Amino acid sequence: MPVALLVTVSPRLPGLLAPAGWRAVTAAPAVLALPGAAATAEVLRQEGIAVTDVAGPEEAAAHGAHVVLLATPEETDGSAGPDRVDGAPEPPGARLLDVVTVMDRLRSPGGCPWDAEQTHASLRGYLLEEAHEAYDAIVDDDPVAMREELGDVLLQVVFHARVAAEAGPERRFDVDDVAGDLVDKLVRRHPHVFGDAGPRDVAQVEAGWDEIKKAEKQRRSPTEGVSRSQPAASWGAALTRRAERAGLPTPPAGELSVDSPEALGERLLGVVVAAAQRGWDVEDALREAVRRYAGELDAAALARP
């Protein structure tokens, strides 16, 4: 670009300038801004720095050789050199701001009529569907599909947060509340990283996580907080893991005369086929068994002094 100095700025974080960017802007006899840098230009004007908007590099060149031109990385040719300053290096995760911006546009007047009428209830099935598709991509070890499907899961999180932001005062929260709660939880449950608990191995980390979680939730039974909508096998496994850690009884283990996960899968598939031939639903049968076991766990936990 035919200007004395090009300073790149962030379209997502207007006004954010690294020290080198601030030095360049405050020392320049004239500051120009391409359209993508309009938000940063407005912030600078509010701070008393004169900024002239220009439509393109050619118009900028007409202002002489001793100017600073503000532009987004997308508006530059990508070349590096002494005439270019990274004025606002974006932190990892900056594109998440674009996700929030796009969702706001979709839900606002003039946006998408389908998106505008969605509710938590109407969206809940999509959350499960997208999570299952992401799971499949991970099982398939397909990084391209993982990237896409995890994006769809992220969409559901942002969508629900945007719906909640429009709710009444007693039910209202937004995406920053969701992120803030997550950050607080991660910091609180990793005292060996963010606190003074000292180094821990994996087993100690898991035990500490359980203790912190137990103190936070004040749960009386291992069944509390375990999703009942997950597949019955996953539900049952989660309950037995929790019961073992809590010192509560687990169902008697059945005979397992197989020596590999593959053989186990074949055995379970055979059970599915045999049940179907009798008109039985394996998922329903197992879910009923897990539900009965959950009731037994609740009773055992409540019976404790």
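## A buried arginine

Arg 12 is buried, with a relative accessible area of 17%. The value falls on the buried side because the cut-off for that class is under 20%. The structure described here is a predicted model.

Arg 12 has a charged partner in Glu 90: the two form a salt bridge in which the closest N and O atoms are 2.8 Å apart. Glu 90 sits in the loop between β5 (84-86) and α4 (96-107), while Arg 12 sits in the loop between β1 (5-8) and α1 (19-27), so the bridge ties together parts of the chain that are 78 residues apart in sequence. Glu 90 itself counts as partly exposed, at 31% relative accessibility.

## Other salt bridges

How many salt bridges does a search of the whole structure find? The total is ten.

Arg 107 forms a salt bridge with Glu 166, and their closest N and O atoms are 2.7 Å apart. Arg 107 lies in helix α4, and Glu 166 lies in the loop between α7 (143-165) and α8 (175-188), so this pair ties together parts that are 59 residues apart in sequence. Is Arg 107 buried or exposed? Arg 107 is buried, with a relative accessible area of 10%. Glu 166 counts as partly exposed, at 40% relative accessibility.

The side chains of Arg 45 and Glu 42 meet in a salt bridge, at 3.5 Å from N to O. Both residues are in helix α2 (residues 38-46), and they are three residues apart, which is about one turn of the helix. Arg 45 is partly exposed, with a relative accessible area of 29%. Glu 42 is also partly exposed, at 38% relative accessibility.

## Aromatic pairs

A pair of aromatic rings is described by the distance of the centres and the angle of the planes. The structure has two aromatic pairs. One of them joins Trp 114 and Tyr 126, with 6.1 Å from centre to centre and 75 degrees between the planes. This pair is edge-to-face, because that class takes in planes over 60 degrees apart.

Trp 114 lies in helix α5 (residues 113-116) and Tyr 126 in helix α6 (residues 120-139), so the pair ties together parts that are twelve residues apart in sequence. Both residues are partly exposed: Trp 114 has a relative accessible area of 40%, and Tyr 126 has one of 34%.

Trp 114 also pairs with Phe 159, again edge-to-face, at 6.5 Å from centre to centre and with 70 degrees between the planes. This pair links distant parts of the chain, since Trp 114 is in helix α5 and Phe 159 is in helix α7, 45 residues apart. Phe 159 counts as buried, at 3% relative accessibility. Together, the ring pairs link Trp 114, Tyr 126 and Phe 159 into a cluster.

## A glycine in helix α12

Where does Gly 270 lie? Gly 270 is in helix α12, which covers residues 261-277. At 35% relative accessibility, Gly 270 counts as partly exposed. Gly 270 and Ala 203 are 67 residues apart in sequence, and their C-alpha atoms are 36 Å apart in space.

Conventions. Residues are numbered from 1 along each chain as its sequence is written. This is a predicted model: local features need pLDDT of at least 70, side-chain atom pairs count only at pLDDT 80 or more; totals for chains, interfaces and linings use all residues. Side-chain values use heavy atoms; hydrogens and water are left out. A salt bridge is a side-chain nitrogen of Lys or Arg within 4 Å of a carboxyl oxygen of Asp or Glu. Helices (H or I, at least four residues) and strands (E, at least two) are DSSP runs, numbered from the N terminus. Buried means under 20% relative accessible area, exposed over 50%, partly exposed in between (1.4 Å probe, protein chains only). Rings of Phe, Tyr and Trp (its six-membered ring) pair if their centres lie within 6.5 Å; planes under 30 degrees apart count as stacked, over 60 as edge-to-face and the rest as tilted.
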